[in-house]
Amino acid sequence: MGKVKTGTVCSVKGCDEKATRSVSAEKAREGLQAAGAAFEDEQPRRLYLCQKHYKLYKKQTKQDKKVDKWRYGA
Ligand SMILES: [Zn+2]
């Protein structure tokens, strides 16, 4: 889990909260898009999330873990 530079804002589209966590873009996009969050089309390898979206991300990744395994053949 990476540290976030002060002044970085959340990567979720339309959210300008201060980012507190950086997460793997691959995982975060899946989880958060399932939860209804949108991102800009062009994405770096990492996403920066505010507290609210980080919680959402954690919740989603927990729920989706089993499903992801068969859905994506991981
Ligand atoms: Zn946010």
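**The zinc site and the chain around it**

Tutor: Four atoms coordinate the zinc ion at 2.0 to 2.3 Å: Cys10 (SG), Cys15 (SG), Cys50 (SG) and His53 (ND1). Donors here are N, O and S atoms within 2.8 Å of the metal (3.2 Å for Na, K and Ca); water is not among the atoms, so sites may look incomplete. This is a predicted model, where local features need pLDDT of at least 70, side-chain atom pairs count only at pLDDT 80 or more, and totals for chains, interfaces and linings use all residues. Residues are numbered from 1 along each chain as its sequence is written, and side-chain values use heavy atoms, with hydrogens and water left out.

Student: What is the geometry of the zinc ion's site?

Tutor: The site is tetrahedral, with angles of 102 to 114° among the 4 donor atoms. Four donors count as tetrahedral if all angles lie between 85 and 135 degrees.

Student: How are the donor residues spaced in sequence?

Tutor: The spacing is C-x4-C-x34-C-x2-H. Cys10 and Cys50 link distant parts of the chain, 40 residues apart. Cys10 is in the segment before β1 (21–24), and Cys50 is in the loop between β2 (46–49) and α2. Helices (H or I, at least four residues) and strands (E, at least two) are DSSP runs, numbered from the N terminus.

Student: Are Cys10 and Cys50 buried or exposed?

Tutor: Both are buried. Buried means under 20% relative accessible area, exposed over 50%, partly exposed in between (1.4 Å probe, protein chains only).

Student: And where is His53?

Tutor: His53 is in helix α2, residues 51–72.

Student: Why does His53 count as buried?

Tutor: Because its relative accessibility is 8%. Leaving aside neighbours within four places in sequence, His53 is in contact (heavy atoms within 4.5 Å) with Cys10, Val12, Cys15 and Leu32.

Student: New topic: α1. Which of its residues are buried?

Tutor: In helix α1 (residues 25–34), they are Ala25, Ala28, Gly31 and Leu32. They lie on the same side of α1, because they cover an arc of only 140° around the axis. The arc is that of the directions from the helix axis to the C-beta atoms.

Student: What about the face turned away?

Tutor: That face of α1 carries the exposed residues Glu26, Lys27 and Ala34. Just after α1, Gly36 takes a positive phi of about 100°.

Student: Last one: what pattern does the whole chain follow?

Tutor: Along the sequence, β-α-β-α. That comes to 2 helices and 2 strands. Of the 74 residues in the protein chain, 31% are buried.

Notes
Four donors count as tetrahedral if all angles lie between 85 and 135 degrees; four count as square planar and six as octahedral if opposite donors are over 155 degrees apart and all others between 65 and 115; anything else is irregular.
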